[in-house]
Amino acid sequence: MNHGQQSGEAKQEDDAALTEFLASLMDYTPTIPDDLVEHYLAKSGFQCPDVRLIRLVAVATQKFVADVASDALHHCKARPAPVVKDKKQQKDKRLILTMEDLSKALCEYGVNVKHPEYFADSPSTGIDPATREE
Amino acid sequence: MVLHVMLGELVSLNMSNGVGEGGRSQSREKRKLFSMQWLRFAKSVEVTMYKEPALDTLIGIAVQYIYSIGKTAQLYASIAGIAEGISLDIVQALEGLGSGSGILVTYCCLADVVKDIIRYSGEAEEMPFVYARPCFYEVGAEPPDEHIPVSRNQIV
């Protein structure tokens, strides 16, 4: 009996938290415009005139993209640093979002965007001519 | 789940309802604006540069995510027998997409995904879309066809 009462109270608190969050969304402007989210929701068949729900979806999408980008960043930082030949390359350390890091990050979310493997005509295809002579 | 890069989705996005050659050039401009906005967003997570295919992929996946939420929420609304979805449908859709199996077990408390979203909205920097999205009325142009409204007021 007590367990049922406690779960009921918890549910009421969660409902209140959700209601409060939806109300606060009117003061928070997500990165993704409301028009864009409304367009794609309508395209999927979900009709909703409530702006709060549209913003909820916008914030959820923004968080998802932020998590994916953050994971890709971790993969980029975790990669071993290449051999530096000159000092200019050493100073120019930029974090670049590449498909390699992005595909690794998306793998954790169940999304497969890996490019198909490249099959070369001969073993020397794609090798720099300078290194090939060596 | 295999997702293809949905660049076509962004090209087909037509908030000003441009069609034909003029529409395609307008869509390219919009895609450029959205890319610039995503670049601002990427800088907030310490990414300073990007490869074009990676950014396009990320944009496409964001679009697919919105589409998936809408489709799943509509499914739950249909099961409940209502035409217009409510907040619980979206919460269930988010919970279903957030779990690895994609199956919603039970709704006994506020989903962890929603709690994470609430926490994220409190911590993340607010970054609204800064670029103008004019409609035909503001630009002073006429829509190419009669069925295309001039302004948002005409849609209602």
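Which residues do ring pairs link into a cluster? Select Phe64(A), Tyr109(A) and Tyr65(B). The model is predicted: local features need pLDDT of at least 70, side-chain atom pairs count only at pLDDT 80 or more, and totals for chains, interfaces and linings use all residues. Residues are numbered from 1 along each chain as its sequence is written, chains are lettered from A in the order written, and side-chain values use heavy atoms, without hydrogens or water.

**Stop 1: the rings**

Over all chains there are two aromatic pairs (rings of Phe, Tyr and Trp, its six-membered ring, with centres within 6.5 Å; planes under 30 degrees apart are stacked, over 60 edge-to-face, the rest tilted). Start with Phe64(A) and Tyr109(A): centres 5.5 Å apart, planes at 80°, so edge-to-face. Phe64(A) sits in helix α3 (residues 51-78) of chain A and Tyr109(A) in the loop between α5 (99-107) and α6 (129-133), so the pair ties together parts 45 residues apart in sequence. Helices are DSSP runs (H or I, at least four residues), numbered from the N terminus.

Colour by accessibility. Phe64(A) and Tyr65(B) are buried (under 20% relative accessible area; exposed is over 50%, partly exposed in between; 1.4 Å probe, protein chains only). Phe64(A) has 12%. Tyr109(A), at 34%, is partly exposed.

**Stop 2: a helix crossing**

Move to α4 (residues 87-98) and α5 (residues 112-123) of chain B. Their axes come within 8 Å and cross at roughly 100°. That makes α4(B) roughly perpendicular to α5(B) (65 to 115 degrees).

Terms used. Axes fitted to C-alpha atoms, helices over the stretch in contact; angles between N-to-C directions. Helix = DSSP H or I, 4+ residues; strand = E, 2+ residues; numbered from the N terminus. Parallel < 35°, antiparallel > 145°, perpendicular 65-115°, else oblique.
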